[in-house]
Amino acid sequence: MSSLQLKSKVTPLILAIMLLEAICFGGAGVVNIAIAAPVATNVTAQLNPGYTIIVDGVQQNFFNSSGSPVYPLVYNGTTYLPLRAIGEVMNKNVNWDAANLTVSLAVTRNAAPTLGRPAPAKQQYVNAQLRPDFTIMLDGVRRSFTNSDGTYVYPLLYNGSVYLPLR
């Protein structure tokens, strides 16, 4: 019996070739394939407190759960907004499942809006994490995000807040 183990991303063509080789050259053995889980990556993003975000004609100021202001981030040409604040604008409850690294937005929000005060901040580069391992659920449906050319865009984690691409 033959055993083949793989620990990286595999394209369908490479996978087909590897399976064929295992069957032809290794007999009718067992083929074990382990694809590595996505990993968090440290990145540098730009904090942009000068951006104005308008939703349905209303300028939005975003705050974290303790009322401190949070601002848009730009990474790799994509603008990101804080997920909890987006949920509030969408009138959705936001829940974090740490065991499964899953954020869910669902049902009509039943909490009062988070109050806070905008504070002076300057545009600056900050350390964040790109999180392909986070799952985003909206009304029970798993969501993924792409930029205008179809490339996957993953959530960012900055200062304890999950950020999603604006697009």
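I began with a pair: Pro-82 stands opposite Tyr-163 in strand β14. Helices and strands here are DSSP runs, numbered from the N terminus (helices are H or I with at least four residues, strands are E with at least two).

I noted that this is a predicted model, where local features need pLDDT of at least 70 and side-chain atom pairs count only at pLDDT 80 or more, while totals for chains, interfaces and linings use all residues. Residues are numbered from 1 along each chain as its sequence is written, and side-chain values use heavy atoms, with hydrogens and water left out.

**Entry 1: the whole protein**

I looked up the overall make-up and found two helices and 14 strands. Of the 167 residues, 33% count as buried; buried means under 20% relative accessible area, exposed means over 50%, and partly exposed lies in between (1.4 Å probe, protein chains only).

I also checked contacts, meaning heavy atoms within 4.5 Å. Among contacts with a separation of 6 or more, residues 24 or more positions apart account for 65%.

**Entry 2: the barrel**

Which strands make up the closed barrel? I traced six strands in the order β1-β6-β7-β14-β13-β10, with antiparallel pairing. Neighbouring strands of this sheet are turned by 45 degrees against each other on average, direction ignored. Axes are lines fitted to C-alpha atoms, for helices over the stretch in contact, and angles run from 0 to 180 degrees between N-to-C directions. Two strands pair if DSSP finds at least two bridges between them.

**Entry 3: β7 and its partners**

I then followed β7 on both sides. Three bridges join β6 (residues 73-75) to β7, and these two strands run antiparallel. Val-74 has Thr-79 of β7 as its bridge partner. β6 and β7 form a hairpin with two residues between them, and Asn-76 in the turn has a positive phi of about 55 degrees.

With β14 (residues 161-165), β7 also pairs in the antiparallel sense, over three bridges. Besides the pair I started with, Leu-81 stands opposite Leu-164 in β14.

Is β7 enclosed or open? Five of the five residues of β7 (residues 78-82) are buried, so the strand is largely enclosed by the rest of the structure. In a regular strand, side chains alternate between the two faces of the sheet. I found both faces of β7 covered: Thr-78, Tyr-80 and Pro-82 are buried on one side, and Thr-79 and Leu-81 are buried on the other.

**Entry 4: helix α2**

Next I looked at α2 (residues 83-90), where Leu-83, Ala-85, Ile-86 and Gly-87 are buried. The buried residues of α2 pack against several strands, including β7, β8 (92-97), β11 (135-138) and β14. Just after α2, Asn-91 takes a positive phi of about 60 degrees.

**Entry 5: positive phi values**

I kept a reminder for this search: most residues other than glycine have a negative phi. Val-107 is not a glycine, yet it has a positive phi of about 45 degrees. I placed Val-107 in strand β9 (residues 102-108). Buried or exposed, what is Val-107? Val-107 counts as exposed, because its relative accessibility is 54%.

Asn-159 was on my list too, with a positive phi near 50 degrees. I found Asn-159 in the loop between β13 (156-158) and β14. At 67% relative accessibility, Asn-159 counts as exposed.
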